[in-house]
Amino acid sequence: MDKVTRLASEKGVVLFSKSSCCLCYAVTILFQELGVTPTIHEIDQDPEGREMEKALMRLGCNAPVPAIFVGGRLVGSMNEVMSLHLSGGLVPLLKPYQTVLN
Amino acid sequence: MDFPSTQFVSSQTMATYEPIHQIGMWGENFKSISNPNISASVIVDVVNKLENESETTSHEMLASSSKHDQEASKPFDKIQRRLAQNREAARKSRLRKKAYVQQLENSRLKLIQLEQELERSRQQGLYVGGGLDTGHLGISGAVNSGIAAFELGYERWMEERNKQICELRSALNAQISDIELRILVESGMSHYFELFRMKSSVAKADVFYVMSGKWKTSAERFFSWIGGFRPSELLKVLVPQIDPLTDQQILDVCNLKQSCQQAEDALSQGMEKLRETVSATLASDQMGQGIYVPQVAMAMEKLEALVRFVNQADHLRQQTLQQMSYILTTRQAARGLLALGEYIQRLQALSTLWANHPRKPA
């Protein structure tokens with residue numbers, strides 16, 4: 001879907017979320033902790049939200065939200081972000097986009 | 001010409017047939033819930049409304065169609081009209097379905113609360129009659145069997161784990177080869193992964209059961225964080241047991257601990273947000289009108305997220321274990337697993353000791 005692809009390939013860290021999703025909130029907290037401010041797109045506030053949900057699922061996400069893209073590439077959902085972080089791979093990935101130095 | 005009007009009639013009966021058929025199906029589903037008394041009046045109400053509405057609709061349609069019959073009926077118009085009638089019927093059907101589902105939700109809520117009261121009274125020995133077989137308590141029955149299966153599985157899991165601890169202990173004291181030790185470490189790790197799978201399964205049945213940690217001893221529950229241990233806490237306890245570590249290993253473990261704490265922090269704050277959301281939803285109306293209100297069903301939708309949090313916490317535990325196995329040598333990993341197993345056994349011993357120690361009189 002064009003809209004999702006377009007938004008996902010924006011520079012930096014992109015998070016597809018829903019305003020009611022508390023797990024998405026947890027992801028933003030983690031990113032904040034790492035000095036990164038993601039661009040958040042709340043798909044439940046978007047008129048094309050349903051389409052976007054389906055498109056995100058098609059990209060291989062188990063649940064449509066949270067879906068994290070860094071530098072245009074899909075990292076995954078909370079599972080993938082946590083695995084990456086624990087293996088030490090998340091911080092190097094986010095380094096170019098850190099706005100606050102911890 | 002006869003058949004244009006008969007075509008009209010059949011399309012109308014088609015339009016009105018479908019909603020009734022659907023109601024029939026919903027009625028069937030509803031009957032499977034144990035208490036027929038609640039359902040009967042609901043179904044009668046809705047079906048009555050439905051029949052009254054559809055009768056007036058079909059009368060109106062028949063009246064207008066006989067006027068237009070006389071024109072040289074253009075097939076295009078006929079098709080358009082039929083499509084419009086179908087759309088109208090479908091729209092009405094959707095509205096009726098919505099109202100039906102809403103009533104269904106409310107009745108289901110009443111039913112669950114009645115079942116719980118019944119269960120409570122039975123436990124208190126107040127309900128003597130044996131008429132209600134727990135197998136037929138549809139909703140809570142399935143949950144109970146999921147929990148019973150888990151508790152049985154956990155008992156076996158514990159026995160196996162205790163056996164593995166003994167094996168590790170004797171293996172580390174004897175001088176067995178790294179290869180043999182590796183096998184013990186691998187089976188120890190997969191044993192923990194098996195527990196996470198079991199927890200994930202029972203969380204689907206009853207997430208509150210997992211959150212409560214009921215299957216664990218009291219001292220273990222004291223340290224509970226989202227249905228289990230906090231991985232960074234365990235790292236703090238166990239790493240000193242694995243000395244000596246190389247400088248690189250110390251650095252790696254330190255980074256792992258920090259990443260773990262950050263992830264835990266994010267999940268904790270997400271949980272807090274979830275609590276706020278559920279609380280706000282429950283009390284989002286002007287209260288004082290009783291408890292059988294949509295707010296409760298709405299809050300339940302929000303609560304579904306709790307399953308995801310429990311799964312994420314277990315995923316974090318699993319990843320921590322996995323990363324440690326990459327950082328440590330086989331021997332170190334074996335010592336770590338032994339220490340972890342023994343630590344939990346000590347917590348369990350603490351619980352037993354506490355339960356049995358004489359208390360000062362009040």
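## Chain A: fold and overall shape

In chain A of this predicted model, 65% of the contacts (heavy atoms within 4.5 Å) between residues at least 6 apart in sequence join residues at least 24 apart. Five helices and four strands make up its secondary structure, in the order α-β-α-β-α-β-β-α-α from the N terminus. Helices here are DSSP runs of H or I with at least four residues, and strands are runs of E with at least two.

What radius of gyration does chain A have? The value is 13 Å, which agrees with the figure near 13 Å for a compact globule of 102 residues; the radius is taken over C-alpha atoms, and the globule rule is 2.2 Å times the number of residues to the power 0.38. Of the 102 residues, 50% count as buried, meaning under 20% relative accessible area with a 1.4 Å probe, protein chains only.

## Chain B: an annotated helical stretch

An unreviewed UniProt entry annotates residues 76-120 of chain B as "domain: BZIP". This stretch is 100% helix and 0% strand, with its end C-alpha atoms 65 Å apart.

## Chain B: two helices packing

Helix 8 (residues 231-238) and helix 9 (residues 247-282) of chain B pack at about 150°, their axes 8 Å apart. That angle makes the two roughly antiparallel, a label for angles over 145 degrees. Here B:Pro231, B:Ser232, B:Leu235 and B:Lys236 of helix 8 meet residues of helix 9 including B:Leu256 and B:Cys260.

## Reading notes

Residues are numbered from 1 along each chain as its sequence is written, and chains are lettered from A in the order in which they are written. Local features need pLDDT of at least 70, and side-chain values use heavy atoms, leaving out hydrogens and water.

Key. Predicted model: local features only at pLDDT ≥ 70, side-chain atom pairs only at ≥ 80, totals over all residues. Axes fitted to C-alpha atoms, helices over the stretch in contact; angles between N-to-C directions. Parallel < 35°, antiparallel > 145°, perpendicular 65-115°, else oblique. UniProt positions renumbered as here; feature names shortened; annotations may be inferred.
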